Amino acid sequence: MGLMEKFFGFSWGVHPEDHKRPAADAATRVMPTPERLYVSLAQHLGAPALPTVLVGQRVGKGALLAQPQGAVSAAIHAPTSGVVAAIGEIPAPHPSGLPVLAVTLEADGEDAWADDLEACDDPFALDPAEISRRVAAAGVVGMGGATFPAALKLSSSKKAGVATLIVNGGECEPYLSCDDRLMRDEAATIVDGIRIMLHATGAKEALVGIEDNKPEAVAAMEKAAENHGEIAIRPLPARYPMGSEKQLTLVLTGREIPAGRLPADVGVVVHNVGTAKAVSDAVRLGRPLVARIVTVNGGAVRAPGNFLVPVGALVEDVLRCAGGLSREPARLVMGGPMMGMSLPHARVPVVKGTSGILALVAAEANGAVENPCIRCASCVRACPIGLLPLEMARRAEAGDLKGAVGIGLKDCIACGCCAYVCPARIPLVQYFAHAKGSLAAEERARLRTEATRKLAQARTARLEAEAREKAEAAARRKAERAAAAAAKAATEKIERVEEVGA
Amino acid sequence: MIAAVLSLTVLGAALGLVLGIAGKLLAVESNAGVAEIEALLPGTNCGQCGYPGCAGAAAAIADGVAAATCCPPGGKTVARAIAEKLGLDLDLSGMADEGPKLAFVAEDLCIGCCRCFKSCPTDAIVGAPKQIHNVLKEACTGCAACVERCPTEAIQMTPAPVTLPHWVMPRPLPAWCERA
């Protein structure tokens with residue numbers, strides 16, 4: 001933390017009303033396994049997983065349903081025991097409501113773990129590469145919401161030789177308390193996971209950052225880590241977006257991650273507390289990531305709280321579990337209110353990255369009409385990255401993508417601070433999301449043109465090769481015919497000579 | 001013998017020199033800009049621009065005869081890239097870019113005549129005589145060269161479906177739209 005910040009407070013971010021209690025104080029409830037689970041094959045960053053089961057196949061809880069394909073991907077496992085009912089498209093938990101490929105599992109009600117799980121009593125005797133392999137086999141992804149495959153991060157940090165593991169228990173998003181609950185209930189497992197990750201990455205120390213609005217979690221974690229000198233629990237001032245990788249690294253280590261670089265470039269790696277718990281379960285018990293704690297909150301929810309939800313449960317089933325809705329929500333959100341996505345309806349499944357399900361009433365959702373920008377620069381003060389959101393939004397609105405990139409569009413973390421403070425209620429983040437999407441589409445079009453050129457060249461080469469082969473074959477046949485004719489002529493001549501001789 | 005070898009050597013050297021000088025003096029200046037523009041075009045020579053192949057279109061664009069927006073399969077992305085290279089002000093509003101399109105074979109009409117895949121510049125159509133042909137979505141560039149070749153009108157150009165990884169968040173409506 002810089003000297004200025006020590007005396008004058010943070011110059012970045014916002015401080016929204018956190019709305020975390022009473023949901024955070026209610027004990028975690030276990031959601032009964034629904035009859036049908038819809039396990040999306042694209043619930044991680046990277047390429048979707050490739051299904052390895054057949055319709056009608058019986059699977060145990062934790063059995064592999066789909067294997068990773070490509071460099072960045074993650075395995076998907078059965079959240080309960082049952083029969084594969086279908087492999088097909090279902091609506092994705094996404095603002096677009098477009099379909100995604102999923103495995104539909106008919107639960108048999110026994111919820112019995114598969115019997116081929118690979119447990120390990122002493123993970124510290126394992127090679128770091130073996131730990132990464134087991135974490136990958138368990139399909140563990142970043143539980144903070146970005147869902148980047150955790151094993152890749154472990155092995156790349158080992159390669160980069162990071163010195164510090166930062167464990168993110170910040171949970172700066174309002175309404176959410178799933179990490180809070182996890183730290184209160186499972187502190188020992190999280191500490192075990194942190195120690196395994198230290199072993200796997202070769203980092204010397206772990207810093208656990210927890211916002212000071214969660215004193216119970218801080219106490220629980222301090223108690224669990226008291227015998228482990230390498231793990232330090234660091235309470236942090238509550239400030240949104242403290243849980244962002246860049247902000248957390250800056251506040252905990254004083255090191256700033258440069259634009260377009262990774263935390264490994266400043267010698268740190270950041271993992272979420274939920275990921276630590278999942279790593280411990282994966283390595284110690286051999287249990288893949290098939291369930292997670294989800295916060296159900298918002299003005300329209302009757303009994304808000306935290307639930308242990310199997311991956312693939314429908315949002316409407318989870319809401320029913322929380323006592324149902326007292327009124328029609330103005331907005332249904334998956335994730336936090338700042339960075340989460342608005343859902344088109346509740347018939348979408350929970351995925352590994354679902355930290356919360358919020359049914360917000362009109363007073364909580366920002367439904368205000370957009371007004372013209374008054375250039376007050378509130379957004380500039382709020383931006384944790386130090387960008388100019390108002391200028392970027394103008395460029396995005398005008399379709400000037402190059403201009404927007406020139407003033408830092410690619411460094412935007414989409415935290416939503418700018419839109420939160422905007423007195424004109426301009427949907428700044430939507431402008432940035434639109435611009436980033438358009439940039440990606442342009443990049444895809446460029447790659448496509450390149451691929452087309454290669455295909456056209458390949459075709460030309462093929463046609464030329466075919467023509468050459470045809471010509472060669474024709475020449476060969478001609479030569480053969482000539483040889484045959486010559487041989488015939490020769491035999492006839494001999495015959496004639498013989499006739500003459502006779 | 002030596003005289004023959006010498007005379008031929010001298011002759012060869014002299015003629016080589018003449019050819020070398022002539023090559024330098026009479027060199028046809030190829031426009032470097034044309035090659036650069038051609039590199040931006042898809043290179044399928046589909047002919048939708050009305051010029052003989054992508055090289056012809058590139059030359060026409062470099063001469064200022066054709067507009068930067070003349071390549072329908074390339075769409076707005078290619079138009080923008082060309083305009084940037086040539087420093088042109090681009091008016092994309094007139095360009096009918098309805099998004100990427102793909103050829104689609106209606107299976108009940110296809111008679112397996114093999115004509116379409118011979119015309120495909122990227123080998124995107126697979127099939128065999130008297131078998132239903134099909135289009136590989138990943139390889140189809142939407143150039144529509146196959147549509148005219150089909151005797152039964154079994155090939156149609158359909159818009160490429162929007163999938164989850166290709167979805168782009170729509171631009172928020174400007175303030176005056178919502179108030180109106």
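Predicted model: local features only at pLDDT ≥ 70, side-chain atom pairs only at ≥ 80, totals over all residues.
## Overall dimensions

Chain A has 14 helices and 17 strands. The C-alpha atoms of chain A occupy a box of roughly 125 × 60 × 50 Å along the principal axes. Chain A has a radius of gyration of 30 Å, whereas a compact globule of 502 residues would come near 23 Å.

Chain B has six helices and four strands. The C-alpha trace of chain B spans about 95 × 55 × 30 Å along its principal axes. For 180 residues, a compact globule would have a radius of gyration near 16 Å, but the value for chain B is 25 Å.

## Burial and sequence separation

In chain A, 48% of the 502 residues count as buried. Contacts between residues at least 6 apart in the sequence of chain A join residues at least 24 apart in 72% of cases.

In chain B, buried residues make up 24% of the 180 residues. Of the contacts in chain B with a separation of 6 or more, 53% are between residues 24 or more positions apart.

## Nonpolar cores

The largest nonpolar core holds 136 residues, and the members that touch the most others are V135(A), M221(A) and V318(A). With eight residues, helix 5 of chain A (residues 187-201) gives the most to this core. The core lies between domain 1 (118-286) and domain 2 (370-475) of chain A, because both domains give residues to it.

Leaving out residues up to four places away in sequence, M221(A) touches M183(A), A187(A), V208(A), I210(A) and I233(A). There is also a second, separate core of 16 residues, which includes A57(B), A58(B), A68(B) and V78(B).

## Chain B: order of elements and helix 3

Read from the N terminus, the elements of chain B follow the order α-α-α-α-β-α-β-β-β-α. Helix 3 of chain B covers residues 53-63, and its buried residues are C54(B), A57(B), A58(B), A59(B) and I61(B). Two of these, A57(B) and A58(B), are among the residues of the 16-residue core.

The buried residues of helix 3 pack against helix 2 (32-40) and helix 4 (75-86) of chain B. After helix 3 of chain B comes G64(B), which has a positive phi, near 85°.

## Domains of chain B

The domain assignment of chain B gives domain 1 as residues 32-94 and domain 2 as residues 98-161. Taken over C-alpha atoms, the centres of these domains of chain B are 25 Å apart. Their contact takes six residues from domain 1 and seven residues from domain 2 of chain B. On the side of domain 1 that touches domain 2 of chain B, three residues are nonpolar, three are polar and none is charged.

## Contact between the chains

The contact between the two chains takes 27 residues from chain A and 24 residues from chain B. On the chain B side, the elements that give two or more residues are helix 4 and helix 6 (175-179). By class, this side of chain B has 12 nonpolar, eight polar and four charged residues.

Terms used
Residues numbered from 1 in each chain as written. Chains lettered and ligands numbered in written order. Buried ≥ 20, exposed ≤ 12 C-beta atoms within 10 Å, placed from the backbone. Nonpolar A, V, L, I, M, F, W, Y, C, P; charged D, E, K, R; others polar. Core = buried A, V, L, I, M, F, W, Y, C linked by C-beta atoms within 7 Å. Domains from an automatic or database assignment. Rg over C-alpha atoms; globule rule 2.2 N^0.38 Å.
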